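Please open the model in your viewer, keep a selection tool at hand, and follow the stops below in order.

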Amino acid sequence: MNKISFEQVTPHVFLQRGNLHSDVWQQPNLTFDKGKFYLVEAASGHGKSTFCSYVLGYRQDYQGTVRFDNTDVCMFSTAEWVNIRQRCVSQLFQELRLFPELTALENVQLKNQLTHFKSETQIRHWFEQLGIADKIDARVGQMSFGQQQRVAALRALVQPFDFLLADEPISHLDDVNAEVLGKLMADEAKQQGATLIITSIGKHPHLLYDKTLKL
């Protein structure tokens, strides 16, 4: 997949607001091109998580058209969406969506066992880079939110993708770990020739973004 396009997309909840003064909503042709880095900034309540849900196909409560390459996403079957989420688009969810009863490593390996994309050696190295190697066998439910956030980020990276969507990926991280995670995501995106889309309500990795959008 080479591009994601938003054509006059407006969430139903915003239809009565008129001109939203947004770089995303109501734009005639907003395109996210493969291989570029984007920062989507928004104040709380302006539709940041809604934007992510539209890209992942979890919600379609909008007016307008979202396209993957030249195909309207509303045309995809459930099976096609499964393939897209396994091969084309990966997401780090703001609410993480980890399994608290599983260990940190088990949460990451759960996806990796489906994709067979990374070796356990590589995954363990990432845990060390992010300063959570000592938590690798700890149950996620016993970890801090910041530690869980790093686990969820690693889970997002153990699959092939053309687009990596990271919803507030460093909101609970200190500056050092935020820089490490930002570089790790950027390096993996570059290695795959993929797009990185980061959303933020203020705190975000300091990367060389090709474009910054105000939601």
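Begin by selecting R150, A153, L154 and L157 in α5 together with N177, L181, L184 and E188 in α6, since these two groups meet each other, contact meaning heavy atoms within 4.5 Å. The residues of this contact divide into 5 nonpolar, 1 polar and 2 charged, where Ala, Val, Leu, Ile, Met, Phe, Trp, Tyr, Cys and Pro count as nonpolar, Asp, Glu, Lys and Arg as charged, and the others, Gly among them, as polar.

Before moving on, note that this is a predicted model, in which local features need pLDDT of at least 70 and side-chain atom pairs count only at pLDDT 80 or more, whereas totals for chains, interfaces and linings use all residues. Residues are numbered from 1 along each chain as its sequence is written, and side-chain values use heavy atoms, with hydrogens and water left out.

Now widen the selection to the whole of helix α5 (residues 145-157) and helix α6 (residues 175-191), which pack at an angle of about 5° with their axes 11 Å apart. That angle makes α5 roughly parallel to α6, a term for angles under 35 degrees, while those over 145 count as roughly antiparallel, 65 to 115 as roughly perpendicular and the rest as oblique. Axes here are lines fitted to C-alpha atoms, for helices over the stretch in contact, and angles run from 0 to 180 degrees between N-to-C directions. Helices (H or I, at least four residues) and strands (E, at least two) are DSSP runs, numbered from the N terminus.

Next, select the open sheet of 5 strands, whose order is β6-β7-β8-β3-β9 with parallel pairing; two strands pair if DSSP finds at least two bridges between them. At its edges stand β6 (89-92) and β9 (211-214), each with a single partner strand, so one side of each is left without a neighbour in the sheet. Neighbouring strands of this sheet are turned by 15° against each other on average, direction ignored. Within the sheet, strand β7 (residues 163-167) runs parallel to strand β8 (residues 195-200), and 5 bridges join them; F163, for instance, has T195 in β8 as its bridge partner. Helix α5 returns here, packing on the sheet where it touches β6 and β7, and its direction makes about 175° with that of β6.

Strand β1 (residues 3-11) and strand β4 (residues 62-68) pair in the antiparallel sense over 6 bridges, and T10 stands opposite Q63 in β4.

Is F76 buried or exposed? F76 is buried, at a relative accessible area of 18%, because buried means under 20%, exposed over 50% and partly exposed in between (1.4 Å probe, protein chains only). Leaving aside its neighbours within four places in sequence, F76 is in contact with F68, T71, W81 and I84.

Finally, show the whole protein chain, which holds 6 helices and 9 strands and whose C-alpha trace spans about 50 × 35 × 30 Å along its principal axes. Of its 215 residues, 52% count as buried.
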